[in-house]
Amino acid sequence: MSTVYRAMFEIMSVDKFSLEKVLSVHRWSDNLFSFTMTRPAHFKFTAGQFARIGLKVADDLVVRAYSVVSSPYDETLEFFSIVVPDGAFTSQLQHLKVGDELYLEKVPYGFLTLARYQAPAPKDLWLLATGTGLAPFISMLQDFETWQKYQNIHLIYSVRTAAELAYVDRITEIVELFAEGHEGFKFVPIITRDPQAELHDRLPVLIENGQLEKTVGLDFDPASTHIMLCGNPQMVEDTRDALKARGLTMNRRGEGNIAVENYW
Ligand SMILES: Cc1cc2nc3c(=O)[nH]c(=O)nc-3n(C[C@H](O)[C@H](O)[C@H](O)COP(=O)(O)OP(=O)(O)OC[C@H]3O[C@@H](n4cnc5c(N)ncnc54)[C@H](O)[C@@H]3O)c2cc1C
C-alpha cells in the first residue's frame, strides 16, 4: 500500500473508533488476563455481543473481536483475554497497563444474545464455554432479565487446568447479587487435563455419556432448552453434533435450541 493510500485508509478506519483509556488489568495466569476500560456513552450493547478493539502495532491498527464481559448497565467495559504468544494482537495486548489507550469500534456486533430465541419458550438455559468463551455468559448473568426469564440456568465452563479457571469468585458474587430467590442455578467446571477433577472429559463426551445432565440433575429437552456454545471452534462443532444427536436443533430465524459463537 502506498504511504498516501495507507494514511487515507487509516484516517477512514480510525474514524470508526473511539479512543478509550484502560482502567484496570487483572492477570489470572500466564496466558489469561482481564481488563476494564472507559465506556463511551454511544457504545450500547446487549449482553452476549462483542466489541471490536484495536491497538496500534508499529503504524498499523490491528483489530480483534472481544465479547463484552461487563453488563449492559455498567459504566465501564470489561474484557477477558487469552495470550497467544505469536498472535499479532495479544502478543502486544498482554503488556497492557492502566492508563494505556485502546481503540474501540463505535458499534457492537453479534447475535449470541438471549433475545434471538422466539421458540421454544424460555425455561432451561444452558451456557457452555471453553476458556475465554466464558465472557459473554458473565455479561448475561449480570442482567436481571436472564434470571427472570429462566427457571433453570446452567453455566458449564471447560478449561484445561485449574489455574485457567478464571472468574469463579465473580460467579459466586454475581449469583449472590442477581439470583436472590432463584433456585435453579448450577455452575459446573470441567478441567480436561486433571483426571482427579470431578468432570474432566471433553464436553461432547459428557453429553454423549449423559454425565453432564446427571451432574446438574436435568435432561436436555427440545421443548424447553435454550443452549449456547462459545469458544473453541472444535468444541463448538463437536458439542453441537452431540446435541443434535439428542434431538436439539440449531436456532435459525428465532426457532430452535442451539446458538453458537466461534472465537477463531
Ligand atoms: C466473535 C468473537 C469474539 C471473541 N471474543 C474473544 C474474547 O472475549 N476473548 C478472547 O481472548 N478472544 C476472543 N476472540 C478471539 C480474538 O478475536 C483473537 O483471536 C484473540 O485475541 C487472539 O488474537 P491474536 O491476533 O493474538 O491471534 P490470532 O491470529 O487472532 O489467533 C491465532 C490463534 O490463536 C488461537 N486463539 C485465538 N483466540 C483464542 C482464544 N480466545 N482462546 C484460545 N485460543 C485462541 C487460535 O488457535 C488462533 O488460530 C473472539 C473472536 C470472535 C470471532
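The lining of the largest pocket draws at least three residues from each of domain 1 (3-105) and domain 2 (114-262), where the domain bounds come from an automatic or database domain assignment. This is a predicted model, in which local features need pLDDT of at least 70 and side-chain atom pairs count only at pLDDT 80 or more, while totals for chains, interfaces and linings use all residues. Residues are numbered from 1 along each chain as its sequence is written, and side-chain values use heavy atoms, with hydrogens and water left out.

**The largest pocket**

- A pocket here is an open set of points, on a 1 Å grid over the protein atoms alone, where a 1.4 Å probe fits and protein lies on both sides within 12 Å along at least five of seven lines; lining residues have an atom within 4 Å of a point.
- The volume of the largest pocket is about 920 Å³, a volume being the space filled by probe spheres set on the points, which are joined across faces, edges and corners.
- Its lining has 34 residues, of which Ile82, Thr132, Asn232, Tyr263 and Trp264 lie nearest the centre.
- Strand β4 gives the most to this lining, with four residues; strands (E, at least two residues) and helices (H or I, at least four) are DSSP runs numbered from the N terminus.

**The second largest pocket**

- About 180 Å³ of space lies in the second largest pocket, and helix α4 (residues 144-149) supplies the largest share of its lining, three residues.
- Because domain 1 (3-105) and domain 2 (114-262) both give residues to its lining, the second largest pocket lies between them.
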